[in-house]
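This briefing is meant for a reader who is meeting the structure for the first time. Please keep the sequence and the model at hand while reading the points that follow.

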Amino acid sequence: MAEKSRGGVNRREALGAATGAAAIGLATPSAVLAQAAPSVQSAGAPPAPPTSSAVAARAVNEVRDPILRISRETWALAELSLAEVKSAEVHVRELEAQGFRIVSRGTAGVPTAFMAEWKQGNGGPVIGYLPEYDALPGLGNAAEPRETPGPTGKASGHGCGHNTIGAGCTGAAFALKKMMEAQRTPGTIRVYGCAAEETEGAKVYMARENLFADCDAVLAFHPAPFAGAGTVRMNATNNAKIIFRGTTAHAGNSPWEGRSALKAAEMFGMGIQMMREHILPTARIHYIYEAAGVAPNVTPDFAQIWITIRDIDRDKVNGMTDWIRQIADGAAMATQTKAEFDLFFGMYDLLPNEPLAQHLYRHIAAVPLEWTTEEQNFAKACQKAFNVPEVGMATKALPFLKDISAGGSTDIGDISYQVPAGVFAWPTLPLGIGLHTWPVTACGGMSIGDKGSLNTARILAAAGFDLMTDPTLRASVKADFVKRRGVKPFQSPLPPTRKAPLTLPSFLVKGGQDDVFSGVKSET
Ligand SMILES: [Zn+2]
């Protein structure tokens, strides 16, 4: 991640799919859309704007200040995945101020996750929003169109624009509440504080606890260089750590007394290369050596590999994972070391929902992509710095993206197998620039990011209102979900023994693994 290739536009956008992924392999819908953009269908007639679009625009205007506070404060905090304590609190503070009840904090074993709710009347639909708020390491930047340190120096920054996801999704909940109050619409708005999208996504932990089960639909967006929606599939994934343990020895005096964990790790890597020829073309396997010894004259007794395994569905990913376990065991046997295999995280593929995507697309088309000269110049300066065409910000939406598959993954995948999920892309960064780069951080901290937060809040609030009030839309969304999902029951990819993310920062762990300090306990 945080890759800064100087390649051309297409390569950069393809890189967006790869580097938009978190270290453990979370990619983003926008990155996928970026990758998918060349194969879109023809545009056809522009869709008519639903009447709720203008109403939502007025509602968003009423809550403009809290939306921009979330966007700007989260941007300045730039807290990393699983450590987004203050950023979560910014959301909770504004939700409480808007009359939402905080259902839980430290939700589902993730200390920086939360769940909030507002309801009116008896029964009615339940619509969920999915704000994210984690930043990325190394991408701190000022809100200026050049590479220069920001509020955290260079240490961390919103290089994936999650401050706007937080503000847009939470802001949509505020605006939808206003719309429902005006119309006395019965229903429930749920806001899921989706911590750690870049690493061990909280959505996966929440899905395991069935926290989305009563939702009629969930809605979200992701920043991109453009606006778009469609039936986009993303990959299922598993993440594992493989540890090899051997015996140290003086590598010069008595190497025969040692057994090298590094040699086992190397053999494991060779095994993966031997496997590659015989896996499906849709599969992706990538890994790093996290530990490989400390000095060449000490036979390494410890080596650790982090591997990500992806394919188009869980069955295929699980099949490859079984094979990779055997490769680890084989490498240990051949080197007289011991192997441990910790499958610590996984995700479902993303199941698209066509009626929901089409509906979001109508709302996207209803919102003009307008930029000031200053904003276009800001974007062009970023493009100049990146040596890509100086064409500024996108000014019209892509055509509807039909039946696209892509290499990345998202933690919305698990939710999409439980309830219908609607996701779209919206521009908060210049054309030709990939996610996980400093211009994304820069744009997210000024008016381009502000517009992204406000406009996506409008789209998400309007679509949420239509879902609340239109039983025909809900029925078609549900029917498409049932048809695509099939009959196989949802089974969380997380191992039952994993109660909390593996990579929680030490200040959020009381002592001992999985002993999570959630700060404030659930109220219910
Ligand atoms: Zn992202």
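In this predicted model, Ile127 stands opposite Ile189 in strand β6, while in strand β7 the bridge partner of Ile127 is Ala217.

**Strand β3 and its partners**
- Strand β3 covers residues 126-129, with Val126 and Gly128 pointing one way and Ile127 and Tyr129 the other way, and all of them are buried.
- β3 and strand β6 (residues 187-193) run parallel and are joined by four bridges.
- The pairing of β3 with strand β7 (residues 217-224) is likewise in the parallel sense, over three bridges.

**Helix α4**
- Helix α4 spans residues 64-77, and its 14 residues reach 20 Å from the first C-alpha to the last, which is close to the 20 Å expected at 1.5 Å a residue.
- Among the buried residues of α4 are Ile67, Ile70, Arg72, Glu73, Trp75 and Leu77, and what covers the buried residues of this helix includes α5 (85-97), α6 (162-183), α13 (438-444) and α14 (447-469).
- Ala78 follows α4 and has a positive phi, near 45 degrees.

**The crossing of α10 and α14**
- The axes of helix α10 (residues 354-366) and α14 come within 9 Å and cross at roughly 135 degrees, and the two helices are therefore oblique to each other.
- The crossing of α10 and α14 is right-handed, and the contact is made by His359, Leu360, His363 and Ile364 of α10 together with Ile459, Ala462, Ala463 and Asp466 of α14.

Technical notes. Residues numbered from 1 in each chain as written. Predicted model: local features only at pLDDT ≥ 70, side-chain atom pairs only at ≥ 80, totals over all residues. Expected span 1.5 Å × (residues − 1). Buried ≥ 20, exposed ≤ 12 C-beta atoms within 10 Å, placed from the backbone. Contact = placed C-beta atoms within 7 Å. Pairing = 2+ DSSP bridges. Axes fitted to C-alpha atoms, helices over the stretch in contact; angles between N-to-C directions. Parallel < 35°, antiparallel > 145°, perpendicular 65-115°, else oblique. Left-handed = near helix turned anticlockwise from the far one by under 90°.
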